[in-house]
Amino acid sequence: MSRVGYIALVLAFIGGGALMMMEIILPKISMIWFGNLLEVWSAMLIGALLAMAIGYRIGGILVKKSRSSRTILAACYLLNAIIFFSLPHFDGIFEFFLGMNTGLGSLLAALIVLLPSIGTLAITSPIIVDYFEKQSEGTNLKASLIFGASTFSGVFVILISGLYLLPQLGISFASTLIAVMLLLNVLLTFLLPKKA
Amino acid sequence: MSDNGKPVNSKNNILNIFVFTEGFLVLSLQIFISVVLTPYWGQTYYYWVYSLFLSMLGLGIGYFLTPILLQKTGGALPLLKKIGTYLVLYFSITVAFSLVILNSFLDLFTNPLNGAIFSLILFFFIPTLLLAMIPMTLIAHLKQDEKAGEGESSGRIFSMSAAGGIAGVFLVTYIILPYMGLTAVVVLLIAGFSFLYLIIAKTVGMKSAKWIPVVVAAFCLLVYASQQKSHTKKLASHLKIVYETDGILGSLTVLENSLTQKRQLLVNNNIQSEAHFTGRSMNPYVYSVAMYTSYLPKGSNVLIAGLGCGSLAYEYGELGYKVDVVDIDQRLDDIVQEHFLVSKNAYNFKHSDARRYFKSSDKKYDAIVLDISHGENIPTNVYTLEGFREVKNDLSEDGLLLVHFLAGQTDDGKMALASVIHTMEEAGLDVEIMDFLNRRELFNDAKWGGKAEGFILAGKKRKVDLERKQLVIDPSLLAEMHPNKDSLYLSFSQRPTPQLLTDDRPILDLFHSETAMKFRMLSIALFKEAYKHE
């Protein structure tokens, strides 16, 4: 496997872990404001899926149309690093929607966080697949390795965060740790060629 | 036109429908399995972790296996054909015999968590793994057929799959499950898997034997319906289900027992509350809680978080208080009136989560009762430093907070209790432990033999000695509850070093896991007893 191939795998692994961590942390923060209601859980799930649907579609289009895939990757990871750093201080967003109907308020609050975070993380996946496909040898299905790495990172994050990170160190520490990992991803993107 | 001569638009539409259905099925299956398994194994913190873990593991393995299987089967279309056939047959057959399988698991696994893990592997992990192969196979198909780049195809395919997921969550959560019940979800899923299979059959160009898996699926649906019917008939003759409904918040059942003349409210087959046919409670804590606040004058404002079967609201109504009740489950409001004979006039129902209510309400209460810890699910968002501060803000100057809490006789159980007390104290409340079950000290009585013990935590804004208040006490009740009549308070000498529960570390459900497990084991024993053959 080429150097670009290894970098692409690391990017996918960290990006997938960040996506899963957002899916775990945001409902916990939302529960403080909107409670443990059916509407809140559905809003989180629908918000995450909507962000993914939009992000993947944009990512697929950008693979063809963008002039610098590397810049897009770096921008997406940097934006997410900022969001994860500031996630424990997002109270204002939730407070703003507190007066609204629970379902709508929690969905709007979720979308404000999820569209720029999960949405942009989803944009990165097709771009990384493109790098991996064009920069590595062999005819095997490259998307399976990238999406597999991203999903297994999610498995790792569930176990680590569910059994240790969140109970022992708390939400703030976990989100700061992910933010640092995402900054590492930003640096790694500079080792990639400008375009796949 | 594409390379093989088919119109591109028509091919795109089929592909979009195909991937949309796949995403729809993944999310619908996830919700369905959660609703089916919770009444059997409960929903502890560890259940949540392992179900997420197995879901992602299934997807990951599915993605990784696809290229290997593509090589073995000789291409995308033959693999899709196999996946479609296996999915419809596997799901239909396992669902058809789900009752037999799950009931035998109840005998096989003494630890509910092990039962949950094996059930998740059988009913959820394997279909998820197969479903995960579909998008990857389609990416391979597009690469092979249209020479499309994997990056572009993966963006398009996963986008449509996520859109299908949104439709699945919306339809199952808000329409099918609440209005049509679980059987309708089974019909939807079997129809969905059959539809997916038929699209594959059409794409591949199968002519013979195309309908066989669909006929098998339809037959399995009949088997499932007949199993459900025969299961209901196995209920012991003195028991009768007078109300039953499914929902994302869990199944709600009202079970009538003609021998003991009581009705029980079950949430996911776990006894939540019980009352006599007359509507009066059969739980001593209800009378104790009413007694401990009975010094308040008529017309006092009282808030109860957690309606249960409405007994406490009824008792407070009898004392002449103005009662607000907040609960996350709207269904309970109708159930208590119809099946537990509590008048709608006894209380004012507010459909909300307790924490949200405390955040958004500025009404002051003379007493607040948190009765939301009986059972498996601990509302960790309420029992935090910030949560208790908000509760304290909603108390009047001499207001009293009563928390009905249960803890197992284990290290974690004691840690849960010690941490809740510590957190309440840190929030500025003066805390005492109060009894309703004839004890002198917590966790120090052999007769409990490791079971979970219930008690009431009294939190006061100002130091108020309840023993000096003019309580309306039934002397026989006090004698029953307190061997030591000199004190209303219980001691807790085996107190471990507590942890502070905060919004940043809301970890009470972790400490509560063993207690929740004990509840689940008790409900499994009761379930087996209720459904054993006569």
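The exercises below, with worked solutions, concern a predicted model.

**Exercise 1. The interface of chain B and chain A**

Task: Describe the interface of chain B and chain A by its residues, buried area and pairs.

Solution: 
1. Begin with the contacts: 53 residues of chain B touch 59 residues of chain A.
2. Next take the area. The size of an interface is often given as the accessible area lost when the parts come together. Here chain B and chain A bury about 4,900 Å² between them, and carbon and sulfur atoms account for 71% of that area.
3. Then count the pairs. Between chain B and chain A there are 2 salt bridges. In one salt bridge, Glu152(B) pairs with Lys64(A), with 3.8 Å between the closest N and O atoms.
4. Assign the chain B side to its elements. At least two residues each come from α2 (45-73), α5 (112-146), α6 (150-180) and α12 (354-360) of chain B. The greatest contribution is that of α2(B), with 17 residues.
5. Finish with composition: the side of chain B that touches chain A has 29 nonpolar, 13 polar and 11 charged residues.

**Exercise 2. A helix pair in chain B**

Task: What is the relative orientation of α7(B) and α8(B), and which residues make the contact?

Solution: 
1. The axes of α7 (residues 182-204) and α8 (residues 212-233) of chain B come within 10 Å. They cross at roughly 170°.
2. Angles over 145 degrees count as roughly antiparallel, so α7(B) and α8(B) are roughly antiparallel to each other.
3. On α7(B) the contact residues include Leu182(B), Val186(B), Ile190(B) and Tyr197(B); on α8(B) they include Pro213(B), Ala217(B), Leu221(B) and Tyr224(B).
4. The contact of α7(B) with α8(B) comprises 11 nonpolar residues, 2 polar and no charged.

Technical notes: Residues are numbered from 1 along each chain as its sequence is written. Chains are lettered from A and ligands numbered from 1 in the order in which they are written. This is a predicted model: local features need pLDDT of at least 70, side-chain atom pairs count only at pLDDT 80 or more; totals for chains, interfaces and linings use all residues. Side-chain values use heavy atoms; hydrogens and water are left out. Contact means heavy atoms within 4.5 Å. Buried area is the accessible area (1.4 Å probe) that two parts lose on being put together, summed over both. A salt bridge is a side-chain nitrogen of Lys or Arg within 4 Å of a carboxyl oxygen of Asp or Glu. A polar contact is a pair of N or O atoms within 3.5 Å; within protein, one must be able to donate a hydrogen and the other to accept it, and residues adjacent in sequence count only if both atoms are side-chain atoms. Helices (H or I, at least four residues) and strands (E, at least two) are DSSP runs, numbered from the N terminus. Ala, Val, Leu, Ile, Met, Phe, Trp, Tyr, Cys and Pro count as nonpolar, Asp, Glu, Lys and Arg as charged, and the others, Gly among them, as polar. Axes are lines fitted to C-alpha atoms, for helices over the stretch in contact, and angles run from 0 to 180 degrees between N-to-C directions. Angles under 35 degrees count as roughly parallel, over 145 as roughly antiparallel, 65 to 115 as roughly perpendicular and the rest as oblique.
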